[in-house]
Amino acid sequence: MITEKRIRELQEKFHELIAEIRSVIIGHEEVIKHVLIGLLCGQHLLLEGVPGLGKTLLVRTLGRALGLKFARIQFTPDLMPADIIGTRILVEDESGRRHFEFARGPVFAHLVLADEINRATPKTQSALLEAMQERSITVSGETYKLEEPFMVLATQNPIEMEGTYPLPEAQIDRFFFKILLRYPSLGELEEILRRHGGGQESQAVRQVLTREELLEVQQLVAQWPTASPLRRYAARLVYATQPSSPDAPELVKKYVEYGASPRAALALIWGAKAHAFLSGELNTRIADIQAVFYPSLIHRIIRNFRGEAEGIPVEQILQQVYEQIQPT
Amino acid sequence: MHSFETIRVSLERRKRLVQGSALASWALLGSFGITALMLLGSTLGIWGALPLSAWVIGNLLVGALAFMVGWLRPINTIELLFRADRQWRTNERLVTLYELSLGYGPQEFLPLLERQLNRLSVNAAQALPCTSRDKWRWVVVVILALVCVSLTSFVQLGALFVRTEPDRSGATAQASRESQRASQLLEWLQTPSAELAQKLLSVRERLEQARAALALNPNDPRARAALQQLHAELIQEQQRLAPPLPSAEEEQPKRSRPESSLVEGSPGEPRPPQRGTSEALALNQLLQSLRSVSEQAQSLSPEELQKLLEQLRETNPDAAALAEHLLQMTQTPEEFRERLEEILRKLEARQALREQLENLQRELESALMPSEPQVEREESPTGFPSAMTPREESSPQAQQEGQQGLASEAHGIQSQERQEEGQTSAGAGRGTAPLDPEAAQDLPDLSQLRERSRELSVPGSQQDDLEILFEIVTMELPQGSETPWSTTPVQIDYGKVEALLDMLEIPEELRDAVRQYFLSLSRQR
């Protein structure tokens, strides 16, 4: 039986976690919150931003603050699936007998940073994505379950698209959120220079949450009370991204080829629950749904040729959906 | 401090109130709109006036009914609480709590959320305010109600205006006048004819007594005074027999109509005797007009009958008024004709009585005048016996003749049939032959006739009055005597019979037979 006191304790720990991360990461409040939401939901995130914005630092700091095992995979065109999931290698024991032994890849971690995932070949990408979906890997007929919590944070570089292998839409849909990292403001940049201008790696990060506590919070968030009107609101938002929907705004009808999938609606509700938890509420609110609307849907809208040709941003389309669909 | 249940109940009550109010405003908007249109129609004269109480009560009932329907309409509590959450900015706690209370979701959170809600201070009216549309709709309802009140006041003022200016009232006022006139005539016709006939009989008896006295002594002052008195009484009876004058209100619009009224002169004034002829003419015209209507009514459709009445209104307004009144009072054409026939019978009785009265007047005037030659009396234009001449008064034969003449008025026509040999038609003779003195002595005098009639009658019985009448005309003549008397008594007796026929409970078929008999006598005259 969960008590309010316990809920408040866990919420307080997450506030400490946020504070700990913010002690390292300058700015990016929304990004930190969305990353934590993904963590609370046990889902995988896609971070998109130019190099040098602190994506790796963010994930590493998060791992340290949570006391979780962290792995970083730099995706390159010659990266093989075995480089990610591991491979069977021939080893010789003390008696001289040789046998195959599975050498676990970097995916066997709690937090996996898949850096520039679009630079690897689709075969390698799909190996990672399969692991993300199944939360287990199968090598030579033997299945290895990944340890919970398991979370992949993949990054993409929106520039330098030459020689890259953009993720297929179906693969992208498996990411819970797509988080866009903006360039820091002038003040934030100055603060970055102040804190990290000495050339040190980063200041020590204190662990504020154990793995068990994280799993407890994940379970708690999964059953966070959410009223039916909120579910209806989330469904209407997602449904309005379909060009065939009667509620679809003009931009959707004009520039969208495929709208968001039902997985997007799930992401909305789960993300809203986690957002409510982080906000210190005891129930999900409309505001929570609205807070996770963009990261939940932005990578799930597929523009048509006209939309791409005219360069209509997905954010603009979603903005119209957000404004047109009101909670009822 | 509010518990969740208290909040929910107050919100539901507020929601029902808003629902009822909105529905009532819509209903009243429609009903007041219809009322305003109906009142506008009343103002323009398209249809009748709509009473204030009727439309006020009607609209109130509509509003109350609509409010009740709105109040009882089912409520979506989830939607209601979600809306309250949005209005109160309670972060969807109410709706979440409600669903948790229904058993949906993790029940561990139920007490936690309830504790949060206990710190909430709420106002249901703030959560579910009256929308501006509702307010404007109520404003329109109030405006429409005021318009309806104004229109009602306008219609009532218009009615007052119409009442004060009868010249503008048009057909309605004329119809009202006609109805009043018809009622007046019908009331006049209700005066019992039998009473008038009895009075005339009494006058005749006294006249004969006075004439007998004058025959003995032409300068008898008591007899002359009695004759003067009888003259005054006859004038009074003449006024009673005359149709009533239209009232002053009715009289004014008739001034422009030629021959429109039965009589001339202002109401209440005594009718001068010289106007009797015009009154008789008017009464005759009324009778003829109604008879014409009665005859044509059988073959005319209701529309054609209305046209006929319109034409009649120009020539004889009283006849038109009576016919129109009867038409409105009856349900079927047959009933209308029956009532009209009844009126006709009464009018004929009046006419007959009037003729008798005029005869009496002439006789009385003759009695009061100095003696004239016998020839003048015989050649009276009416054919009725006039007063005795001085020569007759002075001679015993004349005295006997006068006595017999008095008796003959009560005896009727059969005596005349015996007198005129070979003449079988009743009432055709004049009764001028000299009377045999012996036979005259055998005749009963008037007092004897009266005594005989009293013996035959049962006091208070109309049937007995009729029997007396027949006894008089059939039994009291001396056998084998000559009959020098005039036929005038038949006229008097016929009027009495007709009046009695109207009142006695005689079967219809017998009534017609009796009436036809007396009508045949009247025509032969």
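The following legends describe close-up views of a predicted two-chain model.

Local features are reported at pLDDT of at least 70 and side-chain atom pairs only at pLDDT 80 or more, whereas totals for chains, interfaces and linings use all residues. Residues are numbered from 1 along each chain as its sequence is written, and chains are lettered from A, with ligands numbered from 1, in the order in which they are written.

Figure 1. Chain A comprises 15 helices and eleven strands, and chain B comprises 24 helices and zero strands; helices (H or I, at least four residues) and strands (E, at least two) are DSSP runs numbered from the N terminus. Buried residues account for 44% of the 328 residues in chain A and for 34% of the 525 residues in chain B. A residue is termed buried if 20 or more other C-beta atoms lie within 10 Å of its own, exposed if 12 or fewer do, and partly exposed in between, with C-beta atoms placed from the backbone. Of the contacts in chain A with a separation of 6 or more, 76% join residues 24 or more positions apart. In chain B, 72% of the contacts between residues at least 6 apart in sequence join residues at least 24 apart. Two residues are in contact if their C-beta atoms, placed from the backbone, lie within 7 Å.

**Figure 2. The contact between chain A and chain B.** Chain B contributes 16 residues to the contact and chain A contributes 14 residues. On the side of chain B that touches chain A, helix H3 (77-88), helix H4 (93-101) and helix H5 (109-118) of chain B each supply at least two residues. The largest share of that side, five residues, belongs to H4(B). Its residues divide into eight nonpolar, four polar and four charged; Ala, Val, Leu, Ile, Met, Phe, Trp, Tyr, Cys and Pro count as nonpolar, Asp, Glu, Lys and Arg as charged, and the others, Gly among them, as polar.

Figure 3. The twelve residues of helix H9 (residues 228-239) of chain A should span 16 Å at 1.5 Å a residue, in agreement with end C-alpha atoms 16 Å apart; the expected span is 1.5 Å times one less than the number of residues. Pro229(A), Leu230(A), Tyr233(A), Ala234(A), Leu237(A) and Val238(A) are buried in this helix. The buried residues of H9(A) pack against helix H11 (262-278), helix H12 (286-291), helix H13 (293-297) and helix H15 (314-324) of chain A, together with H3 and H4 of chain B.

**Figure 4. The largest nonpolar core.** Val107(A) and Leu268(A) touch the most other members of this core of 117 residues. A nonpolar core is a set of buried Ala, Val, Leu, Ile, Met, Phe, Trp, Tyr and Cys residues joined through C-beta atoms within 7 Å. H11(A) gives the most to the core, with ten residues. Residues up to four places away in sequence aside, Leu268(A) touches Ala234(A), Leu237(A), Val238(A), Ile289(A), Val292(A), Phe293(A) and Ser296(A).

**Figure 5. Packing of helices H3 and H4 of chain B.** H3(B) and H4(B) pack at an angle of about 150°, with their axes 7 Å apart. Axes are lines fitted to C-alpha atoms, for helices over the stretch in contact, and angles run from 0 to 180 degrees between N-to-C directions. H3(B) is therefore roughly antiparallel to H4(B), a term for angles over 145 degrees. Thr77(B), Ile78(B), Leu81(B), Phe82(B), Ala84(B) and Asp85(B) of H3(B) meet Arg93(B), Leu94(B), Val95(B) and Tyr98(B) of H4(B). The residues of this contact divide into seven nonpolar, one polar and two charged. In the loop between H3 and H4 of chain B lies Arg89(B), which has a positive phi of about 55° although it is not a glycine. Arg89(B) counts as exposed, with 9 C-beta neighbours inside 10 Å.

**Figure 6. Loops of chain A.** His28(A), in the loop between helix H1 (4-22) and helix H2 (29-41) of chain A, has a positive phi near 55°. With 22 C-beta neighbours inside 10 Å, His28(A) counts as buried. A cis peptide bond, with omega about -5°, joins Glu148(A) and Pro149(A). Pro149(A) is placed in the loop between strand E7 (142-145) and strand E8 (151-156) of chain A. Most residues other than glycine have a negative phi, and most peptide bonds are trans.

Conventions. Parallel < 35°, antiparallel > 145°, perpendicular 65-115°, else oblique.
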